[in-house]
Amino acid sequence: MSKSEIEQWDAVVIGGGPAGLMAAGELARAGHRVLVAEAKPSLARKFLMAGKSGLNLTKDEPFETLLRHYGSAADWLRPMIEEFDAAAVQDWARALGQPLFAGSTGRVFPEVMKGSPLLRSWLAELESLGVTRRTRWRWTGWEGDALCFQSPEGLCHIRAACTVLALGGASWARLGSDGVWADVLAARDVPLAPFAPSNAALSVPWSTHMQPHFGAALKSVRWQAGELTSRGEAIVSQRGLEGGGLYALTPALRNGCGLSVDLMPDLTQDALQKRLPKDPKKARLSQFLKKTLRLPPAKVALFNEMTAGGAPKPLSEWPALIKALPIKDLSLRPMDEAISTAGGVTQDALDAGLMLNAMPGVFCAGEMLDWEAPTGGYLLTACFATGRWAGRAAADYLASSTTR
């Protein structure tokens with residue numbers, strides 16, 4: 001391999017998702033020659049898939065409220081999100097010509113409710129900045145100080161003054177986030193946390209009695225797992241339960257906590273107690289659920305499913321079960337089906353600019369970092385923010401390198 005066979009770039013960004021594109025923009029605006037290398041035939045596939053059901057860019061809420069949704073990683077991510085918070089995300093999207101609106105819960109969407117127009121404008125901006133893109137370029141690691149790629153032209157080598165890795169987590173491999181990069185970094189003694197599913201649907205072995213309710217939404221409910229609670233709807237699917245109301249509870253469910261649901265969160269248990277039939281001998285649970293409480297069919301079916309078997313539940317236990325109905329025999333769906341993953345490059349593997357301590361000049365951003373957040377705009381906000389942060393730090397690194 002001669003020097004003439006190795007391309008030279010100021011910066012190579014590996015991964016063409018939101019974090020990688022954000023980093024590329026920052027490097028290009030600082031005047032550097034930037035190459036974005038993406039393994040798939042097109043860029044930002046997961047971003048576009050998320051946009052098919054309405055691209056939830058961020059959550060319009062006070063900064064401290066937003067930050068709490070990053071759990072144990074909140075202190076680590078604070079300076080990055082503080083510099084590119086929900087308001088900044090909205091300003092950025094509008095500057096790319098995308099009108100936005102906020103829903104009743106504060107979730108922010110493009111008016112067109114999809115990601116493709118925003119991505120087209122974003123890529124056009126990057127092209128105007130001189131960013132070069134190559135697709136079907138799969139990074140395989142390093143050979144000496146050169147980056148190695150499997151490409152349509154065969155094995156290619158690139159030497160970069162700095163590199164930004166934005167390789168995603170380990171879910172939705174078909175869209176590019178397969179996590180195989182972990183072995184490459186582990187071989188370089190980069191500390192990694194094991195991957196685990198986040199924002200995952202649940203498998204529940206339904207009886208045939210639940211079949212008429214597949215596709216029904218469980219609304220006006222409150223879910224609890226361990227110390228985590230979430231008030232949001234879920235869908236009864238053929239395989240179990242899925243939906244934003246459950247996804248925020250994945251960390252607790254991963255740790256083995258049980259799941260329960262409050263079917264009537266706007267009524268206290270005492271209020272339910274007062275609605276119980278006065279004559280226990282004439283009390284019928286089905287009539288109480290349907291006629292007295294007027295629960296919709298899906299809620300009644302779930303209650304019956306979870307309390308089936310064994311002796312009939314005494315009247316005195318009905319209110320407590322309605323307020324905390326245990327969901328039995330559940331399990332998380334496989335990691336590749338999860339919306340996102342926890343685990344990845346740990347905080348102690350990186351300096352304050354997201355550069356690897358073990359590999360000067362190599363930065364990391366996005367979902368490949370060890371943080372997690374629920375759906376609702378939080379995932380994209382942190383991907384944008386960490387990508388921007390890593391891109392700026394990489395530009396500073398290049399600037400300092402030229403003055404040495």
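**Exercise 1. Find the residues that Tyr-70 is in contact with, leaving aside its neighbours within four places in sequence.**

Solution. Start with the rule: contact means heavy atoms within 4.5 Å. Going along the chain, you meet Leu-77 and Ile-81, then Trp-371, Glu-372 and Ala-373, and lastly Tyr-378, Thr-381 and Ala-382.

A note before you go on: this is a predicted model, where local features need pLDDT of at least 70 and side-chain atom pairs count only at pLDDT 80 or more, while totals for chains, interfaces and linings use all residues. Residues are numbered from 1 along each chain as its sequence is written, and side-chain values use heavy atoms, with hydrogens and water left out.

**Exercise 2. Work out which members of the largest nonpolar core touch the most other members, and which helix gives the most to this core.**

Solution. A nonpolar core is a set of buried Ala, Val, Leu, Ile, Met, Phe, Trp, Tyr and Cys residues joined through side-chain atoms within 4.5 Å. Buried means under 20% relative accessible area, exposed over 50%, and partly exposed in between (1.4 Å probe, protein chains only). Among the 91 residues of the largest core, Tyr-70 and Val-345 touch the most others. Helix α14 (residues 378-402) gives the most to this core, 13 residues. Another core, of 39 residues, lies apart from it and includes Val-261 and Trp-318.

**Exercise 3. Locate Met-113 and describe its phi.**

Solution. Helices (H or I, at least four residues) and strands (E, at least two) are DSSP runs, numbered from the N terminus. Met-113 sits in the loop between β5 (107-110) and α6 (116-128). Most residues other than glycine have a negative phi. Met-113 is not a glycine, yet its phi is positive, about 60°. Met-113 is partly exposed, at 31% relative accessible area.
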